[in-house]
Amino acid sequence: MEFNTVTLALFLAGGLRLCVPVLLAALGETISERAGVFTIGLEGLMLFGAASSALGLMWSGSPVLALGVGMLGGCVAALMLALGTVIARANQIVMGIGFNLFAIGATSLMRQLWLSGAPPAGSMRAVSMLKLPGLSDLPVVGRALFSQSPVFYLAVLVALVLWGVLRFSRAGLLLRAVGENALAADAAGHSVLRIRFSATLFTGLMAGLGGAYLCIVASGGTFVDNMTAGRGYLAIAITIFARWMPLRVLVVAMVLGLLEALQFQ
């Protein structure tokens, strides 16, 4: 197929849309791994976020509220995971794999009990498209970069904020200190457990939003069993490949989104 300005714009726009759920989860994983917590249960967190957002959409009819419910669902799931890995100090890999298996079964049960009916027929415009005035009319890049979901712009903003926090703030220094030398951070009077617990909850929020995006924005509010399809594991790989740097995570996630978009072209 010949590439022209239209197909190129569609390709770029599709790639950026596809990268959003993995990007959000990878940004959350960046924070937990910086704190010394290997959240291999990221896949399960995304699943709980997706299922919770579907429930939120069914009960409220608002896609915006559904995204918030998805974030809350991911945070509650991360709370369970943090109690095991941070407080009880269970093996992080074993706990994470077990949590992912539990999430597959639990979200499937949620679908059978509460999500058997069709989702409410409402407009997804508020979460699916935000055209930036003036910029969205630019050739090629306008449609690709400036006519995206608000969640995409939020993900980019989060990446920039996390980069600044990790590089320039005292909170970022403490987070890195806990991950690199927990004994020294504890000797300096900082609570390692509190910092790691908070980092895991933040990971749950981001992974929950990623799962909610996958369900609400990408799938029109329909939840299916195991709909994350390994994206949580891919987010972990992106985080490690990008060496736990938010801006590198942003770039790598976008590149992988573009590669995935090739199949539709």
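At 46% relative accessibility, Leu109 counts as partly exposed.

Student: What kind of model is this, and how are residues numbered?

Tutor: Side-chain values use heavy atoms, without hydrogens or water, and residues are numbered from 1 along each chain as its sequence is written. Local features need pLDDT of at least 70, side-chain atom pairs count only at pLDDT 80 or more, and totals for chains, interfaces and linings use all residues, as this is a predicted model.

Student: Which helix holds Leu109?

Tutor: Helices here are DSSP runs of H or I with at least four residues, while strands are E runs of at least two, numbered from the N terminus. By that naming, Leu109 lies in helix α4.

Student: Is Lys131 buried or exposed?

Tutor: Buried means under 20% relative accessible area, exposed over 50%, and partly exposed in between (1.4 Å probe, protein chains only). Lys131 sits in strand β1, residues 130-131. Its relative accessible area is 51%, so Lys131 is exposed.

Student: What share of the 265 residues is buried?

Tutor: Using that under 20% cut-off, the buried share of the protein's 265 residues is 48%.

Student: How many helices and strands does the protein have, and what is its radius of gyration?

Tutor: The secondary structure comes to 12 helices and 2 strands.
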